[in-house]
Amino acid sequence: MPDHAGAAPERGCHRRRYDFCHPAFRTADTAGHTPAATTMVPMTTTPTTPTTATKDSTVTTTTTTRTAGPDVVVFDRVTKAYGDVRAVDGLTLTLHPGETVALLGPNGAGKSTTLDLLLGLKHADSGTVRVFGTGPREAIVAGRVGAMLQSGGLMDEVTVAELVKLACALHPRPYPLSEVLARAGVTRIADRKVDKLSGGQAQRVRFALATAGDSDLIVLDEPTTGMDVSARQAFWATMREQADRGRTVLFATHYLEEADAIADRVLVLHRGRLLADGTAAEIKAKAGARRISFDLPDGPVDETRLRALPFLTTLDVSGRTVRIQSTDADATVHALYGLGVYPRNLEVAGLGLEQAFVAITAAEEARTS
Amino acid sequence: MNDLIKLELTRALRNRKFLFFSVLYPSILFLLIAGSASTTEKVSGTGLTLPTYMMVSMASFGALTAVLMGNSERIAKERESGWVRQLRLTTLPGRGYVLAKTASAAVVSLPSIVVVFAVAATVKGVRLDAWQWLALTGSIWAGSLVFAALGVAIGYLATGDAVRPITMITYFGLSILGGLWMPTTTFPQWLQDIARWVPTHAYAALGQAIEQSRAPHIEDIVVLAVFFALFTGGAAWLYRKDTLKA
């Protein structure tokens, strides 16, 4: 029964991969952060902490190394449904001061709903959303949140400068207009009418609106959509500067390379649930896979023998080149030598965040369907 | 919020089409209807000459245009574009958006009233006492709030595609049925019976009562008050529904 023998370990690995990553991520608040970085403190908050009040006090008493005050955003078992579809399903998460957090998820994962709840544009069916210890609307009125929505329209028939000036006037702690325009890179188009802008330019104007004043949290929904590569790089350079000033940045994106390069924490949403929470490196590691590739100079080897390698999740043999994904590359390579095979040009590499993301969400799809 | 009113106003004053239809168009219509009319012959049952009668009708029409058009279409379009959502991420209070729209429309409706008066006085020699001019301006301006509320309600009811036809039907319906384009006394009796209950009819009747130097009919005030309550209530309800949904 070679087929069966071949399939069994793979399924086993799949499940193992899921077991390995999924619960670990779900409880990331307690465990996932520990190895992250020196600036990050192991969280004492857990999803089952009864009230936000307790949570806040726990945090302030235990997180002595963190510079800024209490939690920026706290979602406590938040659920939001549209009819039968739970867009956000018992979501619990905490954002800390100074973090740059990427929110990832396939289409329909609940990213936009999560941001809408955070910004008070939608109200949770159950659970609580706290922003700087208050309701979202109060935090916005206090000028602590600057946000750029994917669906955020602009007032037409006015100039860019007039619109940004309005945003400055509405902010309790505004920056000078010229500074806001310059930072968003819209100084040169300041006199242009808003309805005459290209997609990328409109996006930069939205960014100017979101950063018109001294806000502590900046929320960006798919901010670089419609921007070309250089505009995108300039945008993130600006954003990094904001983060360096100690601001908390939360952005939803579907460009995984952006999340990989910019975020110091990545949240993976899937069907309204938090599937993974950690640094990009942790997500990659916990997706549980490394890529192994090598050539077989002595000719093809019996594939079923390769397929039986421990911790193997995928196998791809094309000609003399073999590509393997493994949840434990060390053990797999060790076993490979044990087969009496002598690989040439052996390479072992980590997965990209994109592949890790696909692996995590696919595993979840497989589990739930 | 003042900043938003200022910007809304800048934008309204920049929009030539909007300015033409709300400020100049009523005066042009006045000249077309009353231009060749006799300045002594009275409109039956009113004691007013046609130019005097039509002056109030057209001033009311101009104010109606400014507040109804200004509110409904912009609100529906900006709801669709997401500007309303974006504004909700600022410190601006929820009502601020609607109030700013209405305030800027009211600023445009004032000249539309005054221009009709000026044209009527100079071209057709309409003469009234000083208090009458002031009272007319005040009542037509204040009365336009009823239709500003209607504009807001339509803006929150209609989608961006449907808003123009809906506004146009409402606008022409109110103008014609209310007797703003021709005195309702020229209507057949059954239509006159309907027109009595149309808010624009009551609106213009307030102004005509001032021209006749008599107290306004209680019926007209009640009709306007009821419609004002209906429109603001409807607008508030639709606004709240939209806010929860968005």
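Predicted model: local features only at pLDDT ≥ 70, side-chain atom pairs only at ≥ 80, totals over all residues.

On bookkeeping, residues are numbered from 1 along each chain as its sequence is written, chains are lettered from A and ligands numbered from 1 in the order in which they are written, and side-chain values use heavy atoms, with hydrogens and water left out.

Let's start with chain A. There are 13 helices and 13 strands in chain A. Of its 369 residues, 51% are buried, where buried means under 20% relative accessible area, exposed over 50%, and partly exposed in between (1.4 Å probe, protein chains only). If you take contacts (heavy atoms within 4.5 Å) between residues at least 6 apart in sequence, 69% of those in chain A join residues at least 24 apart.

A:E222 isn't a glycine, yet has a positive phi of about 45 degrees. You'll find A:E222 in the loop between β6 (217-221) and α8 (229-244) of chain A. Is A:E222 buried or exposed? At 7% relative accessibility, A:E222 is buried.

The other is A:R271, also not a glycine, with a positive phi of about 50 degrees. A:R271 sits in the loop between β8 (265-270) and β9 (273-278) of chain A, and with a relative accessible area of 41% A:R271 is partly exposed.

On to the interface. Chain A puts 29 residues into the contact and chain B puts in 26. Together they bury about 2400 Å², 56% of it on carbon and sulfur atoms; that's the accessible area (1.4 Å probe) that two parts lose on being put together, summed over both. In chain A, the residues losing the most area to chain B are A:L121, A:M155 and A:L170, together 27% of what that side buries.

How many salt bridges are there between chain A and chain B? Four, with a salt bridge being a side-chain nitrogen of Lys or Arg within 4 Å of a carboxyl oxygen of Asp or Glu. One of them pairs A:E157 with B:R74, with the closest N and O atoms 3.3 Å apart. As for elements, α4 (136-141), β5 (145-148) and α5 (160-170) of chain A each give two or more residues to the side that touches chain B, and α5(A) has the largest share, five residues.

Terms used
Helix = DSSP H or I, 4+ residues; strand = E, 2+ residues; numbered from the N terminus.
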